[in-house]
Amino acid sequence: MTINELQDNIIDEFSVFDDWMDKYALLIDLGNSLPPLDEKYKKENNLIEGCQSRVWLHAEYVDGKIIFLGESDAVIVKGIVSLLIQILSNHTPQEILDADLYFIDRIGLKEHLSHTRSNGLVAMVKQMRMYALAFKTKEEK
């Protein structure tokens, strides 16, 4: 599936709910479905700067695609990590760099997050793009 198809699926999933409490519950469920991150990846260099809670993000380059692994110690943030991984993992560095992550606005996520969580979301996306840029640079060598 393309990044846009994955985003559209998530938009559809969230559009079932009108109430943001239900959307938060969905986010929490998504976070709970995220496999636990191996302790070996819970290192300082995998922590996302700018997040109020602790968020670890690890990336691996496999067969031309990036596989993201992540976790957070906060349930809603863990759900956000899960969404980003669902959408961006298993794509090429160029696809990730070119992606317009419109689902964030379409599901109303940014406007329903606290300022610090919103900053954390931006930091997570930025880190994922930095991984993509790093792997793309390695590809070109």
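The model is predicted, and its mean pLDDT is 92, with 99% of the residues reaching 70 or more. Confidence is lowest in helix H6, which spans residues 115-140 and has a mean of 89, whereas helix H4, covering residues 93-98, has the highest mean, at 97. Where pLDDT is low, predicted coordinates should not be read in detail.

Two packed helices are described by the distance between their axes together with the angle between them. For helix H1 (residues 3-15) and helix H3, the axes come within 8 Å and cross at roughly 140°. On the H1 side the contact is formed by Ile3, Leu6, Gln7, Ile10 and Phe14, and these meet Leu83, Gln86, Ile87 and Leu88 of H3.

The largest nonpolar core holds 45 residues, among which Phe68, Leu101, Phe103 and Leu109 touch the most other members. Two or more residues are given to this core by each of H1, H2, S1, S2, H3, helix H5 (103-106) and H6, and the largest share, 9 residues, comes from H3. The surroundings of Leu109 can be listed in detail: once residues up to four places away in sequence are set aside, Leu109 touches Trp20, Leu27, Ile80, Leu83, Ile104 and Leu121.

Several serine residues are also buried. Ser72, which lies in strand S2, has a relative accessible area of 5%, and it therefore counts as buried, the limit being under 20%. A polar atom of the Ser72 side chain lies 3.1 Å from the backbone oxygen of Arg54, and the side chain of Ser72 also reaches the backbone nitrogen of Ala74 at 3.1 Å. Apart from neighbours within four places in sequence, the residues in contact with Ser72 are Ser53, Arg54, Val55, Val77, Lys78 and Val81.

Ser89 is placed in the loop between H3 and H4, and with a relative accessible area of 12% this residue is buried as well. The side chain of Ser89 reaches the backbone nitrogen of Phe68 at 2.9 Å, and Phe68 is again found among the residues that Ser89 touches, together with Ile66, Ile67 and Leu84, when residues up to four places away in sequence are not counted. Between Ser89 and Gln127, which are 38 residues apart in sequence, the C-alpha to C-alpha distance is 13 Å. In helix H6 lies Ser118, which is buried at 11% relative accessibility and which, leaving aside its neighbours within four places in sequence, is in contact with Lys110 and Leu113.

Ala132 is another residue of helix H6, and its relative accessible area of 0% makes it buried. Although Ala132 and Pro93 are 39 residues apart along the chain, their C-alpha atoms are separated by 4.3 Å.

Most residues other than glycine have a negative phi. Asp63, however, has a positive phi of about 50° although it is not a glycine; this residue lies in the loop between strand S1 (55-62) and strand S2 (65-72), and it is exposed, with a relative accessible area of 79%. Asn90 likewise is not a glycine and has a positive phi, in this case of about 70°. The loop between helix H3 (75-88) and H4 is where Asn90 is found, and at 44% relative accessibility Asn90 counts as partly exposed.

Pro36 belongs to the loop between helix H2 (20-33) and S1. At 70% relative accessibility Pro36 counts as exposed, because the limit for that class is over 50%. The C-alpha atoms of Pro36 and Leu69 are separated by 8.9 Å, while the two residues are 33 residues apart along the chain.

Notes
Residues numbered from 1 in each chain as written. Predicted model: local features only at pLDDT ≥ 70, side-chain atom pairs only at ≥ 80, totals over all residues. Heavy atoms only, no water. pLDDT = per-residue confidence, 0-100. Helix = DSSP H or I, 4+ residues; strand = E, 2+ residues; numbered from the N terminus. Buried < 20%, exposed > 50% of the residue type's maximum accessible area, 1.4 Å probe, protein only. Axes fitted to C-alpha atoms, helices over the stretch in contact; angles between N-to-C directions. Contact = heavy atoms within 4.5 Å. Polar contact = N/O pair within 3.5 Å; in protein donor to acceptor, adjacent residues only side chain to side chain. Core = buried A, V, L, I, M, F, W, Y, C linked by side-chain atoms within 4.5 Å.
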